[in-house]
Amino acid sequence: MKRLIVACGSGVATSQTVASKLTKLLDEKNVKAEVEAVDMKSLEHHLKTADGYVSIVKPPKDYGVPVFNGIAFLTGVGMSQELDKIIKFINE
């Protein structure tokens with residue numbers, strides 16, 4: 001099962017909202033993945049064992065994992081396209 005990380009400043013509000021929404025959308029499509037909300041301070045640590053990063057804040061460097069647009073899950077703009085990209089990645 002692939003593991004996706006969502007990060008924001010505190011790891012509580014915004015990242016948790018996106019992680020919950022993404023988990024719900026993936027469940028609705030019967031796509032299995034672990035989605036975890038973390039704070040920016042621990043992002044590098046978590047990305048060492050993650051398969052992808054759902055970005056609310058642009059990462060400070062390239063961590064060698066695919067990056068997806070998390071803002072789409074907050075605003076709804078481009079959400080279905082981003083969800084399709086994530087599902088394709090998970091199913092690879």
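Hi everyone. Let's begin with a term: a residue is buried when its relative accessible area is under 20%, exposed when that area is over 50%, and partly exposed in between, using a 1.4 Å probe and protein chains only.

A word on what you are looking at. This is a predicted model, where local features need pLDDT of at least 70, side-chain atom pairs count only at pLDDT 80 or more, and totals for chains, interfaces and linings use all residues. Residues are numbered from 1 along each chain as its sequence is written, and side-chain values use heavy atoms, with hydrogens and water left out.

Let's start with N30. It sits in the loop between α1 (14-28) and β2 (33-39). Those labels come from DSSP runs, numbered from the N terminus: helices are H or I with at least four residues, strands are E with at least two. N30 has a relative accessible area of 60%, so we call it exposed. Its phi is positive, about 60°, although N30 is not a glycine.

K32 is found in that loop between α1 and β2 as well. Because its relative accessibility is 52%, K32 counts as exposed. What does K32 touch, leaving aside its neighbours within four places in sequence? The answer is M1 and I90, where contact means heavy atoms within 4.5 Å. K32 and R3 are 29 residues apart along the chain, and their C-alpha atoms are separated by 9.5 Å.

Now to another loop, the one between β3 (52-55) and β4 (67-69), where we find D62. Is D62 buried or exposed? Its relative accessibility is 69%, so it is exposed. The D62 side chain reaches the backbone nitrogen of G64 at 2.8 Å. That is a polar contact: a pair of N or O atoms within 3.5 Å where, within protein, one must be able to donate a hydrogen and the other to accept it, and residues adjacent in sequence count only if both atoms are side-chain atoms.

Finally, the rings. The structure holds one aromatic pair. Its members are F68 and F89, with ring centres 5.5 Å apart and planes at 50°, so the pair is tilted. For the rule, rings of Phe, Tyr and Trp (its six-membered ring) pair if their centres lie within 6.5 Å; planes under 30 degrees apart are stacked, over 60 edge-to-face, and the rest tilted. F68 is in strand β4 and F89 in helix α4 (residues 79-91), 21 residues apart, so the pair links distant parts of the chain. F68 is buried, at 7% relative accessible area, and F89 is buried too, at 11%.
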